[in-house]
Amino acid sequence: MTEETQKKSPLKRFMPLIIFGLLVALLWYGLGLNPRLVPSPLIGKPAPEFELPLLNASGKLSHEDLKGDITLLNVFASWCFACRQEHQAITQLSRKGFRVIGFNYKDKAADATAWLRQFGNPYQVVAQDLDGRVGIDWGVYGAPETFVIDHNGIVRDKRIGPVDQEYISEKLMPLVQQIRSEQS
């Protein structure tokens, strides 16, 4: 050993351990964050331009079709387990008169059709994003996700994860009332 190596400061000697400890602390902190609270850059902006084919129907759905009424754009897929969890809540919203549009994400048409046949179809129409390219423009991380779009086609909220009664009563209904009051 050289004299220089022996005189190495304690800080330099423990630097790898310190860096490792900081990385572990950062990862630990990140695991405690709620992924549903990821803010969407779309909030307050017009819905992204798109045009997608409809599932089991001729025609297409575009961003222009989202205007005119408050719309829930619900991202779902047959392979999504959490979509099954939220399906009853989405169905109830549809039965209460909400305009609910399905956004079938990275799914085969036959699988999506079978899934809707099995669980029921609460959607006015279902658009298909087979390769997920339109989902990228919307900032979709996966399914389920739900966007609230006002009558002018402006994105007002994004829910990452299943829609549940807590979200409906604490976030969705107050937002819908606010949007309706702004229309008056």
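A residue is called buried when its relative accessible area is under 20%, exposed when over 50% and partly exposed in between (1.4 Å probe, protein chains only), and on that scale buried residues make up 43% of the 184 residues in the protein. The model is a predicted one, in which local features need pLDDT of at least 70 and side-chain atom pairs count only at pLDDT 80 or more, while totals for chains, interfaces and linings use all residues. Residues are numbered from 1 along each chain as its sequence is written, and side-chain values use heavy atoms, with hydrogens and water left out.

**The whole chain**

Begin with a cartoon of the protein, which shows six helices and seven strands; helices (H or I, at least four residues) and strands (E, at least two) are DSSP runs, numbered from the N terminus. Followed along the sequence, these elements give the pattern α-α-β-β-β-α-β-α-β-α-β-β-α. With contact taken as heavy atoms within 4.5 Å, 70% of the contacts between residues at least 6 apart in sequence join residues at least 24 apart.

**Helix 2 and its surface**

Next, select helix 2, residues 10-31, where isoleucine 19 is found. Isoleucine 19 is partly exposed at 45% relative accessibility, and the residue belongs to a nonpolar surface patch that also includes Leu11, Phe14, Met15 and Phe20, the patch having about 970 Å² of accessible area together. Such a patch is made of residues with over 30% relative accessible area and no salt bridge, nonpolar side chains (Val, Leu, Ile, Met, Phe, Trp, Tyr) being joined within 5 Å and like charges within 9 Å. The areas come from the Shrake-Rupley method with a 1.4 Å probe, and for residues only the protein chains shown count as cover.

**The nonpolar cores**

Now colour the buried nonpolar residues; a nonpolar core is a set of buried Ala, Val, Leu, Ile, Met, Phe, Trp, Tyr and Cys residues joined through side-chain atoms within 4.5 Å. Which residues touch the most other members of the largest core? Among its 26 residues, these are Val148 and Leu172. Strand 3 (71-76), helix 3 (81-95), helix 4 (109-119) and helix 6 (165-183) each supply at least two residues of this core, and helix 6 gives the largest share, six residues. Centre the view on leucine 172, which touches Leu72, Leu93, Val148 and Tyr167, not counting residues up to four places away in sequence. A second, separate core of 19 residues includes Leu42, Leu61, Ile101 and Val140.

**Aromatic pairs**

Show the rings of Phe, Tyr and Trp (its six-membered ring), which pair if their centres lie within 6.5 Å, planes under 30 degrees apart counting as stacked, over 60 as edge-to-face and the rest as tilted. By this rule there are five aromatic pairs. Tryptophan 138 and phenylalanine 147 are edge-to-face because their ring centres are 4.8 Å apart and their planes stand at 65°. Elsewhere, ring pairs link Phe76, Trp115, Phe119 and Tyr123 into a cluster.

**Two prolines**

From tryptophan 138, move to proline 48, which touches that residue as well as Leu42, His63 and Asp137, not counting residues up to four places away in sequence. Proline 48 lies in the loop between helix 2 and strand 1 (51-53) and is buried, with a relative accessible area of 12%. Then select proline 144, in the loop between helix 5 (133-138) and strand 6 (145-149), where a cis peptide bond joins alanine 143 to this proline with omega about -5°.

**Salt bridges**

Finish with the charged side chains, where a salt bridge is a side-chain nitrogen of Lys or Arg within 4 Å of a carboxyl oxygen of Asp or Glu, and the whole structure has seven. By contrast, lysine 67 and glutamate 64, which meet at 3.4 Å, N to O, are partly exposed, at 39% for lysine 67 and 44% for glutamate 64.
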